[in-house]
Amino acid sequence: MVLKMPLPEDELVKERKEKLAQWIKLVGNPYWERFSPQDKIKKIREKFGQIKKGEKTAVNVSIAGRVIAQRAHGKATFFDLKDGTDKIQLYGRFDRLNDKYELLSKIDIGDIIGVKGEVFKTHTGELTVEIEDFTLLAKSLHPLPEKWHGLQDVEIRYRKRWLDLLVNPRVKEIFLARGKIVKTIREFLDKRDFIEVETPIMQYVPGGATARPFKTYHNALGRDFYLRIAPELYLKKLVVGGLEKIYEMNKNFRNEGIDRFHNPEFTMLELYQAYANYFDIMQLTQDIICEVAYKLKGSLKVQYADTEIDFSPPWRKITFKDALREIGKIEVDWTNEENLREVAKSKGLNVEGLSKSQILDHLLDKSVVPHLIQPTIIYDYPFETAPLAKRKKEDPLLVERFELFVSGWEIANAYSELNDPLEQRERLKRSADERFIDEDFLEALEYGMPPTGGLGIGIDRLVMLFTNSASIREVILFPQLRPKKIT
RNA sequence: GAGCCGUUAGCUCAGUAGGUAGAGCAUCGGCCUUUUAAGCCGAGGGUCGCAGGUUCGACUCCUGCACGGCUCACCA
C-alpha cells in the first residue's frame with residue numbers, strides 16, 4: 001500500500017516551481033534567507049488601529065507571515081498578510097519600490113514573506129503597511145484553497161490539517177481552546193499540589209480497563225507489548241509508593257470501532273488522591289470543570305448545539321438505582337440475574353452472551369444516559385460494573401463509583417479505589433482475562449495502599465463540549481483515517 | 001460488520017429524463033497607483049473516485065471496490 005501521494009505535476013505547481021527558479025536566479029535562494037520580524041500584527045493593530053483615514057504614522061515595522069490574498073492594480077498592489085496573531089493589509093507601489101516592484105509581482109498567494117514598511121491607513125479606513133522592503137522566505141508550490149469558502153471537504157481537512165488551520169479560522173480557535181483547557185486543568189491541579197507523572201504506554205499487561213488493546217513487539221527484548229488502554233494500575237502503584245496526589249494527562253489506545261465519539265488514540269486525565277473518597281472526588285470534578293468553564297468562557301453556561309448547558313453547581317446527583325427507575329423507567333432487581341435479563345430483553349436489548357455487568361451498562365446507556373443533558377452525576381453502581389472500585393460498607397453489592405454525564409455522553413468516571421489486595425485479586429480473577437492480571441499491581445496493593453479516590457476525565461469529549469464540536473475528529477489534530485491507497 | 005448518503009477543474013459547487021461537461025474563486029496574458037470576495041477584456045485547466053457491465057453511445061443506468069460522512073452494531 002502506497003501511503004504517500006507524489007506531488008501532482010499540474011500546471012499550477014509547475015508555474016510556481018518556475019517562479020521559484022526565476023527568483024533564485026534573480027535574488028537568491030529564499031530558503032536561505034533570514035528575517036527576524038520585530039513586530040506582531042495584532043500588536044500593530046492595537047497600537048495604530050485608531051488612526052484616521054489617510055493618516056501616516058512615520059513608524060516603520062517589520063513583520064513576517066503568509067500572503068493570503070492579493071489585489072494587483074497595475075502599478076500598485078495590495079496583499080493580505082497573516083502571521084500567528086492576526087492579518088493586515090500590505091500596499092506596494094511602483095514609485096516607492098522601483099526595480100523591486102517587478103519582483104513583487106512574483107509573490108503568490110501562499111508565499112511566506114518578511115516585510116518592512118510604514119504603517120498608515122488608507123482612504124477607505126484599512127490599516128495597512130506600505131512595503132518599503134520585502135524578502136521571500138518560503139515559496140508555496142501549491143495554491144491555497146479558496147479564500148471565500150475555505151476548505152470544506154472534511155477528508156482533506158483531516159488529512160491535510162495544515163491547510164485546514166491555514167484557511168479555516170474556527171479550526172485554529174478549537175485547538176487554541178483545547179490548549180487552554182489542558183493548561184487550565186494543569187494549573188488547577190498544580191495549585192492543589194498534584195504532581196504530574198508519566199507512566200508506561202508500552203505495557204506487558206494491558207490493565208485498568210477491559211478494552212481490546214493494540215499489540216506490538218520489542219526486538220531487543222524479544223517479546224510482545226501492548227499499548228496501554230489506561231494508566232490506572234501504574235498510577236496506583238505510585239500511590240503505594242507515597243505519591244499522594246498525582247495525575248497524568250494520558251494518551252490511551254483502544255482497538256475498537258471508530259465513530260464520532262471514539263478515536264483509537266484519545267486523551268484522558270487520570271488523577272489519584274490519597275485519603276480521599278468518591279465524594280471528595282465528586283467535589284473535585286465539579287471544581288475542575290467549573291474552572292475550565294470560567295477560564296475559557298468566563299461563564300458556567302456553555303452553548304452546545306441548540307442546548308445551553310449550565311455547569312452551575314451543585315450538579316444533579318442520583319444513584320444508579322434511582323436513575324434506572326426515575327429516568328429510565330426501569331424496575332429491576334439486578335441481584336436476580338434472571339430478572340435482569342428479562343427486563344433488559346423487554347427493553348429491546350440483545351442480552352445473548354453478555355455478562356451481568358455488560359447488561360447493566362447497556363441498560364444505563366440505552367435508557368438513562370441519553371436523557372442526561374445537563375451535568376448529572378450517577379453514583380453507587382452495582383459492584384459488577386467496576387472491579388477496581390471499593391464496595392460500599394453499608395451495601396456491599398454496590399461500589400463507591402460515580403460517572404458524570406453531560407449532553408448525553410459520559411465525561412468522567414471515578415471511584416474510591418479498592419485497596420484490599422485480597423478482594424482485588426478475587427474481583428479481577430472473576431472479571432478479567434487471566435493473562436491480563438497485573439501481578440505487580442496486586443503485589444503493590446499487598447504492601448498497603450492508602451484509601452484513595454481516583455478520577456478519569458475524557459479530555460477529547462470535554463473539548464467537544466466546550467468548543468461546540470459535533471465530532472471527536474474536530475478536536476483531534478490528526479484523527480485516525482484509513483490510509484488512502486494510491487495505485 | 002450492516003444500512004443510507006457522498007466523491008465532477010487546485011478550492012467551492014452547478015449539471016446532463018444516456019449524446020464524452022459549466023460557473024465563481026485561484027492560475028496565465030492584457031489594461032489599471034488607495035483596493036479589500038477590486039474591476040474590465042481574453043486564455044488555459046477535467047481519464048466526472050477506481051474497475052467492470054448494459055448500450056450504437058455512460059459523468060448519468062447496473063455491479064463490485066476504495067475513501068469519507070451519518071446511523072446502527074461492537075465497545076468500561
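Visitor: What kind of model am I looking at?

Guide: Residues are numbered from 1 along each chain as its sequence is written, chains are lettered from A and ligands numbered from 1 in the order in which they are written, and side-chain values use heavy atoms, with hydrogens and water left out. Local features need pLDDT of at least 70, side-chain atom pairs count only at pLDDT 80 or more, totals for chains, interfaces and linings use all residues, and the whole thing is a predicted model.

Visitor: How many Å lie between the C-alpha centres of domain 1 and domain 2?

Guide: The bounds come from an automatic or database domain assignment. In chain A it gives domain 1 as 9–138 and domain 2 as 166–328 + 368–474. Between their C-alpha centres the distance is 49 Å.

Visitor: What share of the residues of chain A counts as buried?

Guide: Chain A contains 15 helices and 18 strands. Its C-alpha trace spans about 90 × 55 × 50 Å along the principal axes. Of its 487 residues, the share that counts as buried is 49%.

Visitor: How far does helix α1 reach from its first C-alpha to its last?

Guide: The expected span of a helix is 1.5 Å times one less than its number of residues. Helix α1 covers residues 11–26, which is 16 residues, and its reach is close to the expected 22 Å. From first C-alpha to last, α1 reaches 22 Å.

Visitor: Which aromatic cluster does Y91 belong to?

Guide: Rings of Phe, Tyr and Trp (its six-membered ring) pair if their centres lie within 6.5 Å; planes under 30 degrees apart count as stacked, over 60 as edge-to-face and the rest as tilted. By this rule the count comes to 14 aromatic pairs, and Y91 with F120 is a tilted one, at 5.9 Å centre to centre and 50° between the planes. This pair links distant parts of the chain, with Y91 in strand β3 (residues 87–93) and F120 in strand β4 (residues 112–121), 29 residues apart. Both rings are buried, and the cluster is made of F78, Y91 and F120.

Visitor: Which residue has its charged end over the ring of F134?

Guide: A charge sits over a ring if NZ of Lys or CZ of Arg is within 6 Å of the ring centre and within 35 degrees of the ring normal. Over the ring of F134, 5.3 Å from its centre, sits the charged end of K100.

Visitor: What is omega for the peptide bond between P313 and P314?

Guide: Most residues other than glycine have a negative phi, and most peptide bonds are trans. P314 is in the loop between β13 (307–310) and β14 (316–319). The bond joining P313 and P314 is cis, with omega about -5°.

Visitor: Is S407 buried or exposed?

Guide: S407 lies in the loop between β16 (398–406) and β17 (409–416). Although not a glycine, S407 has a positive phi of about 60°. With a relative accessible area of 15%, S407 is buried.

Visitor: What is the relative accessibility of N468?

Guide: N468 is in the segment after α15 (459–467). Its phi is positive, near 55°, in a residue other than glycine. N468 counts as partly exposed, at a relative accessibility of 35%.

Conventions
Helices (H or I, at least four residues) and strands (E, at least two) are DSSP runs, numbered from the N terminus. Buried means under 20% relative accessible area, exposed over 50%, partly exposed in between (1.4 Å probe, protein chains only).
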